[in-house]
Amino acid sequence: MNSMRFDVLTLFPEQIENNINASITGRAVKKGIISVNTVNIRDYCGNSYGKVDDTVYGGGTGLLITARSVYDSWNSLFDNDDDRPYTVYMSPKGHVFDQKKAVELSRKKRLCIICGHYEGIDSRAIDLICDEEISIGDYVLTGGELAACVVMDSVSRMIDGVLPNEEAFTDESHMGGTLEGKSFTMPSEWNGIKVPEVLLSGNDAAIEEYRRISSLVETWIKRPDMLDELDISESEWEKMLALRRTL
Ligand code: ADE
């Protein structure tokens, strides 16, 4: 059974705690499968008035969080180098986060996430302590906290025991380079629309085949760019065409 410890360096710990302690991740915290330790960067500002930021050398608008406050917060997390957590900085300059990265991060024992605010953090601290920068998309947020919650949520759900069963994520969108196909529940006919007959047939092999083709068709319609990465056989293309014609 794996588990994960998150250490989050932030000026707004409550934003992280309110999010992660709710719903499925909250249950995982209660069960001890994940743990979340927030560190308020302000506690390491090094002055009596709690000032963590200053103006940018060379001019420019806004304030930067000082290298010292971030470095000292990070340093408080471990006593010897063997315990040094894998460390990421949430930033719009980072690599865009995806499912592959979520899987990779879920294999770490300990993950430190640094959240910037205002104009960001003095680059010297980032360069010294961060293993990588991660963005959640090509837009700018007011701070890294929401982005950190996104990363923690998607990483947590891949830790054993967080979701009710493992299949819940092995079959879903993005895991095998495709989107999940359409899915249906009772009744078998609603509003004049019938659930595909094969799904009611009880024929496991036929259902599995339908799911694969349905997943490829969904990807073809909604994210055709993802098909470039896949090896689709001629007979699969024929089945995809046939299914698409019925939609
Ligand atoms: N901080 C500000 N904008 C961000 C983004 N797009 N991703 C991650 N962290 C951020």
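Predicted model: local features only at pLDDT ≥ 70, side-chain atom pairs only at ≥ 80, totals over all residues.
Visitor: OK, how many salt bridges does the structure hold?

Guide: The structure holds 13 salt bridges, where a salt bridge is a side-chain nitrogen of Lys or Arg within 4 Å of a carboxyl oxygen of Asp or Glu. As background, side chains of opposite charge can pair when their charged atoms come close.

Visitor: Which residue does R5 form a salt bridge with?

Guide: R5 pairs with D7, and the closest N and O atoms are 2.8 Å apart. R5 counts as partly exposed, at 31% relative accessibility, whereas D7 is buried, with a relative accessible area of 0%; here buried means under 20% relative accessible area, exposed means over 50%, and partly exposed lies in between, using a 1.4 Å probe and protein chains only.

Visitor: And what about D7 and R110, how far apart are the closest N and O atoms there?

Guide: In the salt bridge between D7 and R110, the closest N and O atoms are 2.8 Å apart. This pair links distant parts of the chain, since D7 is in strand β1 (residues 4-10) and R110 is in strand β6 (residues 110-115), 103 residues apart. Strands are DSSP runs of E with at least two residues, helices are runs of H or I with at least four, and both are numbered from the N terminus. D7 and R110 are both buried.

Visitor: Which residue is the partner of R124?

Guide: R124 forms a salt bridge with D122, with the closest N and O atoms 2.6 Å apart. R124 is exposed at 57% relative accessibility, while D122 is buried with a relative accessible area of 15%. Through shared partners, salt bridges join R5, D7 and R110 into one network.

Visitor: Changing topic, which residues of helix α2 are buried?

Guide: In helix α2 (residues 23-30), the buried residues are T25, G26 and A28. They lie on the same side of α2 because they cover an arc of only 160° around the axis, the arc being that of the directions from the helix axis to the C-beta atoms. On the other side of α2, S23 and K30 are exposed.

Visitor: What do the buried residues of α2 pack against?

Guide: The buried residues of α2 pack against α1 (13-20), β2 (34-40) and α6 (145-156), with contact meaning heavy atoms within 4.5 Å.

Visitor: At what angle do α1 and α6 pack?

Guide: α1 and α6 pack at an angle of about 30°, with their axes 9 Å apart; axes are lines fitted to C-alpha atoms, for helices over the stretch in contact, and angles run from 0 to 180 degrees between N-to-C directions. That angle makes α1 roughly parallel to α6, as angles under 35 degrees count as roughly parallel, over 145 as roughly antiparallel, 65 to 115 as roughly perpendicular and the rest as oblique.

Visitor: Which residues meet there?

Guide: From α1, Q15, I16, N19 and I20 meet E145, L146, A148, C149 and M152 in α6.

Visitor: Back to the backbone, which peptide bond is cis?

Guide: The peptide bond from M186 to P187 is cis, with omega near -5°, and P187 sits in the loop between α7 (167-170) and β8 (189-190).

Visitor: What is the phi of S23, and of N191?

Guide: S23 is not a glycine, yet its phi is positive, at about 55°; S23 is in helix α2 and is exposed, with a relative accessible area of 64%. N191 is not a glycine either, and its phi is positive, at about 60°; N191 is in the loop between β8 and β9 (193-194) and is exposed, with a relative accessible area of 62%.

Visitor: Last one: is C112 buried or exposed?

Guide: C112, in strand β6, counts as buried at 0% relative accessibility. Leaving aside neighbours within four places in sequence, C112 is in contact with several residues, among them D7, L9 and W74.

Technical notes
Residues numbered from 1 in each chain as written. Heavy atoms only, no water.
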